[in-house]
Amino acid sequence: MEITFLGTGAGLPSKSRNVSAIALHLLQEENQIWLFDCGEATQHQILHTSIKPRKINKIFITHLHGDHIFGLPGLLSSRSFQGGDDAVTIYGPQGLRDYIVTALRISKSHLNYPITIKEIKDGTVIKEDNYTIYVKELDHGIPSFGYRIVEKDSPGELLVDKLQAKGIPAGPLYGKIKSNEYINTKDYGILYRKDFLGPDKPGKIITIMGDTRYQESFTSFVERSDVLIYEATFNAEQEDLAFQYFHSTTKQAATLAKEGNVKQLIMTHISSRYQLADYEDLLKEAREVFRDTELANDFYHHQIR
Ligand SMILES: [Zn+2]
Ligand SMILES: [Zn+2]
């Protein structure tokens with residue numbers, strides 16, 4: 001899986017940061033892309049990447065503030081002109097349906113593909129073939145949500161040494177052993193997969209949180225994520241301001257990452273009050289609490305291994 005940040009600014013666009021949007025590339029799923037939030041001009045940002053809008057088949061909205069949704073009607077409409085015939089499912093808080101349906105209706109926008117809008121609430125669980133997505137309500141003055149995306153475990157590696165010790169040579173048989181619970185062979189008798197596979201490979205966990213104040217109670221929701229994406233609108237000093245505006249600081253982001261025992265923290269939703277010269281400080285104050293922290297910029301690309 002890979003993540004591309006399409007917009008990393010807070011509230012309003014600046015020259016260096018557009019408003020929120022994140023693309024999650026599911027490499028094993030025939031190149032599907034899931035989009036998280038769709039601030040204004042997200043489709044312009046996409047033009048600077050290799051992302052094909054027709055491959056976006058799910059959109060998850062964290063909350064209904066303009067900097068997270070004003071790009072949605074435009075993106076949906078343009079997708080019709082870009083060979084997007086496949087259905088799109090859009091998840092988000094109550095009110096999302098009204099917003100999309102009204103914007104498309106009064107602008108007389110016609111989509112040549114079906115959309116399904118699913119309004120979520122705290123505790124919603126979305127089940128996909130290879131993923132389960134958990135939803136948690138955050139603390140942002142209006143309903144705002146986090147998404148915890150849990151990939152299914154995959155079968156472990158074939159234990160080649162063990163197969164060879166039994167005299168089974170490498171070849172198509174190896175593939176058959178891996179994809180069947182057992183196979184009946186003429187030369188080697190019945191071979192059970194479980195005897196020749198290493199332990200299951202745990203699926204990846206990516207948690208993408210919407211705008212929010214920091215709360216200790218988020219810890220179990222983000223626990224053991226391979227990647228936690230969390231807002232850091234303010235620097236460590238501005239904790240009071242962050243609280244007042246229902247946002248978080250760098251230090252709070254790092255504290256959550258540390259308490260949740262995640263592998264990697266990526267901070268985003270950075271206020272335009274901070275300029276290039278400040279980024280090092282923002283990163284430093286977070287890394288003092290949690291070392292494996294990055295600060296996303298627009299088009300920052302992260303591979304999840
Ligand atoms: Zn925002
Ligand atoms: Zn917001």
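Is His269 buried or exposed, and what is its relative accessible area? His269 is buried, at a relative accessible area of 3% (buried means under 20%, exposed over 50% and partly exposed in between, with a 1.4 Å probe and protein chains only). The structure is a predicted model, in which local features need pLDDT of at least 70 and side-chain atom pairs count only at pLDDT 80 or more, while totals for chains, interfaces and linings use all residues. Residues are numbered from 1 along each chain as its sequence is written, chains are lettered from A and ligands numbered from 1 in the order in which they are written, and side-chain values use heavy atoms, without hydrogens and water.

**View 1. The zinc ion (ligand 1) and its donors.** Asp67 (OD), His68 (NE2), Asp211 (OD) and His269 (NE2) coordinate the zinc ion (ligand 1) at 2.1 to 2.2 Å (donors are N, O and S atoms within 2.8 Å of the metal, or 3.2 Å for Na, K and Ca; water is not among the atoms, so sites may look incomplete). The arrangement is irregular because the 4 donor atoms subtend angles of 87 to 170° (four donors are tetrahedral if all angles lie between 85 and 135 degrees; four are square planar and six octahedral if opposite donors are over 155 degrees apart and all others between 65 and 115; anything else is irregular). Along the chain, the donors follow the spacing D-H-x142-D-x57-H. Asp67 belongs to helix α2 (residues 66-69) and His269 to the loop between β14 and α10, so the pair ties together parts that are 202 residues apart in sequence (helices, H or I of at least four residues, and strands, E of at least two, are DSSP runs numbered from the N terminus).

**View 2. The recorded site around Asp67, His68, Asp211 and His269.** An unreviewed UniProt entry lists these four residues under "binding site" (positions follow the numbering used here, feature names are shortened, and annotations may be inferred rather than shown by experiment). The four residues span 203 residues in sequence, yet no two of their C-alpha atoms are more than 10.6 Å apart, so they gather at one spot. Among them, His68, Asp211 and His269 are included in the lining of the largest cavity (on a 1 Å grid over the protein atoms alone, a cavity is a set of points where a 1.4 Å probe fits but cannot get out; lining residues have an atom within 4 Å of a point). Asp67 is buried, at 9% relative accessibility.

**View 3. Asp211 between two zinc ions.** Asp211 coordinates both the zinc ion (ligand 1) and the zinc ion (ligand 2), which are 3.4 Å apart. Asp211 is located in the loop between β12 (205-209) and α7 (219-222), and is buried with a relative accessible area of 3%. Its side chain makes a polar contact with that of His68 (3.1 Å) (a pair of N or O atoms within 3.5 Å; within protein, one must be able to donate a hydrogen and the other to accept it, and residues adjacent in sequence count only if both atoms are side-chain atoms).

View 4. His65 is partly exposed, at 29% relative accessible area, and its side chain forms a polar contact of 3.3 Å with that of His63. His140, in the loop between β8 (131-137) and β9 (145-151), is buried at 4%. The side chains of His140 and Asp211 are joined by a polar contact of 3.4 Å.

Notes: On a 1 Å grid over the protein atoms alone, a cavity is a set of points where a 1.4 Å probe fits but cannot get out, and a pocket is an open set with protein on both sides within 12 Å along at least five of seven lines; lining residues have an atom within 4 Å of a point.
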